[in-house]
Amino acid sequence: MGSAREIQQYLKRFSQLDAARFAVVKVGGAVLRDDLPALTSSLSFLQQVGLTPIVLHGAGPQLDEELSAAGIEKKTVNGLRVTSPEALAIVRRVFQAQNLRLVEALQEVDTRATSVPSGVFAADFLDHETLGLVGKVREINLAPIEASLRAGSIPVIASLGETDSGQILNINADFAANELVRVLQPYKIVFLTGTGGLLDGDGNVIDSINLSTEYDQLLKQPWLHSGMRLKIEQIKDLLDDLPLTSSVSITRPAELAKELFTHKGSGTLVRRGERVLRYESWEGVDKERLRELIESSFGRAVVPDYFDRTNLYRLYVSENYRAAMVLTQDEGFAYLDKFAVLDEAQGEGLGRAVWQVMRDENPKLFWRSRHGNVINHFYYAESDGCFKQSRWKVFWYGLDNFADIERCVAHCATRIPTLQD
């Protein structure tokens, strides 16, 4: 799945959190129908390593089937299911059945789980005249969730609400999950879907989205259809109300552990992210924080006179100094002197976000990397070519003249290192 070091790093990070702040996992009805064994296996694994997620599920496809069988025509307004009194009786029955089905499947693999089919969401009518018995969350009762977590049992919550007068209301599961997340402010928010992530124009899963740097550009893409646009807008609204450390992951049930415990992940990781600052001189740069970032990332000290001897061309650094790229200008082209990302920021997509900002402004670049550097696979993907020297691999992009490439390769062979061995 990932290296032992990666897994230990994430386990340590998650185990330091309050149980209620680890993760809220929203499970779609299609996952309950089509992928229950993978879902129970992944949730069971989390409990085995001492982590207890909070699970909230929908039941859309099951409701479609049962309502159709009862002769009740499906009608939606703005994506919300219109719910009549006759339909509500079926909604309650289906939600309770799906809730128990998941709880029993977990218990069959010796995983502690508690059914919470109602009692969490105090609700009001969303639009009684138009939508019928559909609710919006007014208040959340955490007592049943906290009781389950104290017992080390996974709370499995259905998205049914209740008015002060006792009327049960149907609540869209995505909306219910968002309100639960706003109250709990968990470290991880996970949406389990059949697609395994948000898809780009070629149908490939987008691995990460840094909203601070990519949101506006993403919304301009012609392939972003209305459903995905709405999803991204909802996620942005959600993350705007949460701590900077929170993130949303969209993945398949079978890939849940890989998404949580590896830098690479498996689906789409969406973070609010950090702004990327750009400097063209050392003036205004917090050199001590930058030094700490570089030394932490490389595990070695930079030479004492690094900032004096390095003639800065451009510096790209995230606003909290958790990722940075230092560029000089050599042989007539931009040279990547340092690319540093803190351990704690790896897997967030922050390094890639800084790289993308840098790349947009620097059409020609060369750099060198030690053999065995774990980031070399990324460099291979981003470069147009690589030349192997005895100590270094030299990468470049945007250079199409052989003489230029030859000169840059020669420069890398003789460049004096600025990290101390």
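This is a predicted model: local features need pLDDT of at least 70, side-chain atom pairs count only at pLDDT 80 or more; totals for chains, interfaces and linings use all residues.
## A guided tour of the fold

Switch to a cartoon view and you can follow 16 helices and 21 strands. The C-alpha trace spans about 80 × 45 × 35 Å along its principal axes, and 52% of the 421 residues are buried.

Next, select residues 60-69, which form helix H4, together with residues 85-108, which form helix H5. Their axes lie 10 Å apart, and the helices pack at an angle of about 135 degrees. H4 and H5 are therefore oblique to each other, and their crossing is right-handed. To see the contact itself, show side chains for Gln62, Leu63, Glu66 and Leu67 on H4, then Ala87, Ile90, Val91, Arg93, Val94, Phe95 and Gln98 on H5. Coloured by type, the residues of this contact come out as seven nonpolar, two polar and two charged.

Now head inside. In soluble globular proteins, nonpolar side chains tend to be buried together. Here the largest nonpolar core has 54 residues, and those touching the most other members are Ile54, Leu56, Phe121, Ile145, Ile157, Leu180 and Val248. Which residues does leucine 56 touch? Leaving out residues up to four places away in sequence, its partners are Val25, Lys26, Val27, Phe121, Ile157, Ser159, Ala173, Ala176, Ala177 and Leu180.

For the last stop, select Val276, Val302, Val303 and Val317: these valines are among the members of a second, separate core of 40 residues.

Definitions and conventions. Residues are numbered from 1 along each chain as its sequence is written. Side-chain values use heavy atoms; hydrogens and water are left out. Axes are lines fitted to C-alpha atoms, for helices over the stretch in contact, and angles run from 0 to 180 degrees between N-to-C directions. Helices (H or I, at least four residues) and strands (E, at least two) are DSSP runs, numbered from the N terminus. Angles under 35 degrees count as roughly parallel, over 145 as roughly antiparallel, 65 to 115 as roughly perpendicular and the rest as oblique. A crossing is left-handed if the near helix is turned anticlockwise from the far one by less than a right angle, and right-handed if clockwise. Contact means heavy atoms within 4.5 Å. Ala, Val, Leu, Ile, Met, Phe, Trp, Tyr, Cys and Pro count as nonpolar, Asp, Glu, Lys and Arg as charged, and the others, Gly among them, as polar. A nonpolar core is a set of buried Ala, Val, Leu, Ile, Met, Phe, Trp, Tyr and Cys residues joined through side-chain atoms within 4.5 Å. Buried means under 20% relative accessible area, exposed over 50%, partly exposed in between (1.4 Å probe, protein chains only).
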